[in-house]
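Visitor: Hi, I'm new to looking at protein models. Could you walk me through this one?
Guide: Happy to, let's bring it up.

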Amino acid sequence: MTNSTAILGSTGSIGTQAIEVAQKHGIRVTALAANTSVSKLVQQARELHPELLCIADESRYAELKDAAAGLGCRLLAGMDGLCEIAQHSSTDTLLNSVVGMVGLLPTLTALDAGKPIALANKETLVAGGELVMSKAAEKGLPIYPIDSEHSAIFQCLQGNNRKQLKKIILTASGGPFFGKTKDDLRDITVEQALNHPNWSMGAKITVDSATLMNKGLEFIEARWLFDLAPDQIEIVVHRQSVLHSAVVYQDESVIGQMGVPDMKIPIQYALLYPERLPCPTKPLSLTDYGTLTFAKPDYDTFDCLTACIEASKTGGTAPVIANGANEAAVAAFLARKISFLRIGELVHQAMAAIPVSPLNCYKDVVAADSAARAFVRDSIA
Ligand code: MG
């Protein structure tokens, strides 16, 4: 298990739970970074005494300087600050739980500096999977998934022959709009989209869960993490979020990982791997649930899912375009500039309009991402 960790995205849902896990198990927190929440970040720093403190939104640096005066932390800002934390010498493991493609460069930087990654930032692998996985392999460094589904798959792979894996079953809660048709979803409000049945998460991922874009991103994430072909990934809607995903071996044995829907379990497995110690969560009572259900996804209604599967098959910059368009479209939806259904339309339109090119370096990712965001911006202007 890791001795110390730096947490990017420390004031978010994953970040705050990661701090709880770190405190329970005596893991030193060496650095913290938040996007905009200066007061929450400084409050965390008072309790944890990290060496480095970073605010990603550079316009809030002066505010951070005032609030963190006398704390004895070195203060940083922006992408440079995130990357400095990523390669900080007294950190064992980088826990990356920022939201969006912005997490990719810090991940690559940490790998370059020889640090294992505990990864909750799925866009890192969606946009830069090829780059991240080849660098991790080159450096011989592990990536411990924190996404609950990918943690489940990672756990199910332990102690078995990876070469005998046939496929994986990626479970999806189905989100708040399971069973609805496109007609039903025409007038969905931001408030309705933010009301997830099982998981309490940040706004971006909650909207992604409502459109099933989240599952599409996870499809691409799984493809890279576990080196799978797209046809080795089956998506199954499982409303209760108890079976967090499963793997199928050549002998048709299906091995799944279950637990209550609580991110502290995958966070702890990533930080304590391979140890399994008591976790600050509720035990799973299968008899309280009584029934677990499984269904096929509705690909017609939730077209973000088809966009991601298509992007994964196309490869190159296609997943970057899908992700970038989605990030911009979700931001516009949350700002009440576009309708809920327009998110999926924009993702498909961006993919149709922007030519796909091979992905060889970080610059290729940035170029495709910018093109997708510009496409969405122009389309809704
Ligand atoms: Mg997930």
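Guide: One term first: buried means under 20% relative accessible area, exposed means over 50%, and partly exposed lies in between, using a 1.4 Å probe and protein chains only. This is a predicted model, where local features need pLDDT of at least 70, side-chain atom pairs count only at pLDDT 80 or more, and totals for chains, interfaces and linings use all residues. Residues are numbered from 1 along each chain as its sequence is written, and side-chain values use heavy atoms, with hydrogens and water left out.

Visitor: Okay, is Cys 54 buried or exposed?
Guide: Cys 54 counts as buried because its relative accessibility is 0%.

Visitor: And how many disulfides are there?
Guide: A search of the whole structure finds zero disulfides, a disulfide being a pair of cysteine sulfur atoms within 2.5 Å. For Cys 54, the nearest cysteine sulfur belongs to Cys 83, 9.3 Å away.

Visitor: New topic: what holds the magnesium ion?
Guide: Asp 147 (OD), Glu 149 (OE) and Glu 218 (OE) coordinate the magnesium ion at 2.0 to 2.2 Å. Donors here are N, O and S atoms within 2.8 Å of the metal (3.2 Å for Na, K and Ca), and water is not among the atoms, so sites may look incomplete.

Visitor: Where do Asp 147 and Glu 218 sit in the chain?
Guide: Asp 147 is in the loop between β7 (143-145) and α7 (148-157), while Glu 218 is in helix α10, 71 residues apart. Helices (H or I, at least four residues) and strands (E, at least two) are DSSP runs, numbered from the N terminus. Both Asp 147 and Glu 218 are buried.

Visitor: How many salt bridges are there?
Guide: The structure holds 19 salt bridges; each is a side-chain nitrogen of Lys or Arg within 4 Å of a carboxyl oxygen of Asp or Glu. One of them pairs Lys 204 with Glu 123, with the closest N and O atoms 2.8 Å apart. That pair links helix α9 to helix α6, 81 residues apart in the chain.

Visitor: What about Asp 369 and Arg 373?
Guide: They form a salt bridge as well, with the closest N and O atoms 2.8 Å apart. About one helical turn separates Asp 369 and Arg 373, because they are four residues apart in helix α16.
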